[in-house]
Amino acid sequence: MLALCLPACNRNRNRVLEIAYVSVPQAVLRDHVAAVFNKTGVVKNGQRLEVLDRERRFVKVRAADGAEGWIEQRFLTSDQVYQSFQKLAQQETSDPVQAAGTIRNETNLHLTPGRETEHLYLLNQASKVMILKRASVEKSAAAMSAKTPNPKTSNNNAHAPVAMPVAMEDWWLIRDQQNRVGWVLSRMVDLDVPLEIAQYAEGQRLIAFFVLNEVPDGDKKVPQYLVTFTESKDGLPYDYDQI
């Protein structure tokens with residue numbers, strides 16, 4: 001009876017409860033949940049893991065290479081979020097590219113616009129992306145707390161209501177070189193603007209640019225561009241107001 005029970009117990013311990021994905025740049029797998037542990041493996045952003053067990057805020061997982069160990073739950077995102085990213089990429093397959101850009105700093109790729117929304121993939125600094133759409137959303141409470149004055153400590157009349165303007169920020173829907181699609185904070189992307197037209201921005205925000213045609217200039221041809229601008233401000237109710 002003991003010989004029969006042992007294989008059954010092993011099968012239950014290795015039973016896959018669900019699928020999860022690594023949402024941080026890198027994380028260590030540990031042999032057990034304790035302050036002191038041995039490293040059993042390393043997993044990286046976007047990696048698929050099989051969930052084998054749960055204990056408090058830790059999850060036991062198995063990687064594709066067979067490495068098993070415990071990892072903090074907050075380092076993972078669900079298979080549902082992964083599938084939603086796949087669906088988003090399919091939905092935006094035919095979107096025209098508005099501009100090309102370069103990621104300024106390491107940043108997360110979000111499922112919907114907003115700092116607190118679900119994210120999975122991490123874009124590295126200097127990654128090349130294609131910009132597809134724009135959206136404006138309210139800044140999160142955490143992002144505003146350091147900049148918003150406290151009405152209780154302001155110099156205004158204590159009995160007068162203080163109407164604070166709603167702070168907005170722009171997000172861009174992008175496609176990276178691995179065909180992953182998602183939303184990033186617009187200020188995290190520098191447009192790859194040709195030098196011959198960048199100089200004409202004059203304090204305005206350049207939104208998109210397209211080559212209309214080429215005209216002869218001596219022994220070479222020079223492109224003529226259609227360029228769209230707006231004032232350098234987030235949350236505007238339109239994509240551009242100057243051509």
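Colleague: Which conventions apply to the predicted model?
Modeller: Residues are numbered from 1 along each chain as its sequence is written, and side-chain values use heavy atoms, with hydrogens and water left out. Because the model is predicted, local features need pLDDT of at least 70 and side-chain atom pairs count only at pLDDT 80 or more, whereas totals for chains, interfaces and linings use all residues.

Colleague: How many helices and strands does the protein have?
Modeller: Helices (H or I, at least four residues) and strands (E, at least two) are DSSP runs, numbered from the N terminus. On that basis, the secondary structure comes to 4 helices and 16 strands.

Colleague: What percentage of the residues in the protein is buried?
Modeller: A residue is buried under 20% relative accessible area, exposed over 50%, and partly exposed in between (1.4 Å probe, protein chains only). Of the 243 residues in the protein, the buried share is 35%.

Colleague: What share of the contacts with a separation of 6 or more joins residues 24 or more positions apart?
Modeller: A contact means heavy atoms within 4.5 Å. Among contacts with a separation of 6 or more, the share from residues 24 or more positions apart is 59%.

Colleague: How many residues are in the largest nonpolar core?
Modeller: A nonpolar core is a set of buried Ala, Val, Leu, Ile, Met, Phe, Trp, Tyr and Cys residues joined through side-chain atoms within 4.5 Å. In the largest one, the residues with the most contacts inside it are Phe85, Leu109, Leu123, Ile131, Ile174 and Val189. Another core lies apart from it, has 15 residues and includes Val43, Leu49, Ala67 and Leu76. The residue count of the largest core is 33.

Colleague: Which residues does Leu111 contact, leaving aside its neighbours within four places in sequence?
Modeller: Leu111 is placed in the loop between strand 9 and strand 10, and it counts as buried because its relative accessible area is 18%. Its C-alpha atom is 9.4 Å from that of Leu173, a residue 62 positions away in sequence. With those neighbours left aside, the contacts of Leu111 are Ser84, Phe85, Leu88, Glu118 and Trp183.

Colleague: How far from Arg30 is the nearest side chain of opposite charge?
Modeller: Arg30 belongs to strand 2 (residues 26-30); leaving aside neighbours within four places in sequence, Arg30 has contacts that include Phe37, Phe58 and Trp70. For charge, Lys and Arg count as positive and Asp and Glu as negative, while His and the chain ends are not counted; a salt bridge is a side-chain nitrogen of Lys or Arg within 4 Å of a carboxyl oxygen of Asp or Glu. Arg30 is buried yet has no salt bridge, and the nearest side chain of opposite charge, Glu72, lies at 5.1 Å.

Colleague: Why does the salt bridge of Arg115 and Glu169 tie together parts that are apart in sequence, and how many residues separate them?
Modeller: The side chains of Arg115 and Glu169 meet in a salt bridge (3.0 Å, N to O). Arg115 lies in the loop between strand 9 (107-110) and strand 10 (119-123), and Glu169 lies in strand 12 (residues 168-176), so the parts tied together are separated in sequence by 54 residues.

Colleague: Which residues form one network of salt bridges that share partners?
Modeller: The structure holds 18 salt bridges. One of them is between Asp234 and Arg187 (3.5 Å, N to O). Asp234 lies in the segment after strand 16 (220-230) and Arg187 in the loop between strand 13 (181-185) and strand 14 (189-191), so the pair ties together parts that are 47 residues apart in sequence. The network joined through shared partners consists of Arg115, Arg134, Glu169, Asp170, Arg187, Arg205, Asp234 and Asp239.

Colleague: How far apart are the closest N and O atoms of Asp176 and Arg180?
Modeller: Asp176 is buried because its relative accessibility is 8%, and Arg180 is likewise buried at 17%. In the salt bridge between Asp176 and Arg180, the closest N and O atoms are separated by 2.8 Å.
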